[in-house]
Amino acid sequence: MVSAWLSIMTVVALLVWMPAKQAYAEDGAPESGLLGRTIVLDPGHGAPDSGARSDSGILEKDITLSVALKLSQLLQQAGANVVLTRTTDDDLASEHDRHAGRRQSTDLRNRVLTAKAKHADAFISIHCNAVPSERWTGAQTLYQRGNPAGEKLAKVVQERFRELLLPTAREPAATSTLFLLKRIPGPAVIAEIGFLSNRQESVQLASQAYQRTVAFSIYLALYDYFSQQSSVPVPDSNVTFRDLREG
Ligand SMILES: [Zn+2]
């Protein structure tokens, strides 16, 4: 039932979706606001860090990677330059970091470093939620409090989540404590795409069809975001490893 509803919603979305403003390249082909944008996609967790886990054994790290790869394909087709922080079941820490007990901090720092080194026009970190109660459901987008570009992107992503994913009344949430969002300026968000602790949502999150819909939602949101932009955001290029350690 839910699958049928989602398929219908996806088709409806495809039919009604019209770009707000369409530019044309010299050869007459439509040019999307995503053309030439560098989008850094960050599939949460990896390797020894599985992230959240459903009762049935679905792992957050697998869902986040699968959604990010699907999203990457859509963005590339629209002419974006996509950088993935990981493309396999791995994290961004070395064996040495693991043995030194700093696997998680190094992993997160390297994700930040990738976003900054690539001068990301947008950064999307993909995660799943899990809480002790089965009661909570719904995708939600997080942004750094006081970051207007992050807030703007979070709003368009949340709009598409509410439109296309399992029903939710969730609003984008401001945070000031998340490592990645504190350190990545500009349009940076964490997309919590659903709760693995809810049985129905975990089944959906594990399905290829729903993952494609999640990817499509974020793709549309990025299209919306860059179609509204009047100028290319200027990335902060004066960042060093030292800033990251001290940030
Ligand atoms: Zn996570």
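Mentor: Helices here are DSSP runs of H or I with at least four residues, and strands are E runs of at least two, numbered from the N terminus. This is a predicted model, where local features need pLDDT of at least 70, side-chain atom pairs count only at 80 or more, and totals for linings use all residues. Residues are numbered from 1 along each chain, and side-chain values use heavy atoms, without hydrogens or water.

Trainee: Which elements each supply at least two residues of the lining of the largest pocket?

Mentor: They are α4 (103-117), β5 (122-129), α6 (179-183) and β8 (188-195). α4 gives the most, with 4 residues.

Trainee: What makes a residue part of the lining?

Mentor: An atom within 4 Å of a pocket point. The pocket is an open set on a 1 Å grid, with protein on both sides within 12 Å along at least five of seven lines (1.4 Å probe). The largest holds about 250 Å³ of space. Of its 15 lining residues, the closest to the centre are His45, Leu108, His127, Leu180 and Ile190.

Trainee: How do you know whether His45 and Glu60 are buried or exposed?

Mentor: Buried means under 20% relative accessible area, exposed over 50%, partly exposed in between (1.4 Å probe, protein chains only). His45 has 17%, so His45 is buried. Glu60 has 3%, so Glu60 is buried too.

Conventions. Grid points are joined across faces, edges and corners, and a volume is the space filled by probe spheres set on the points.
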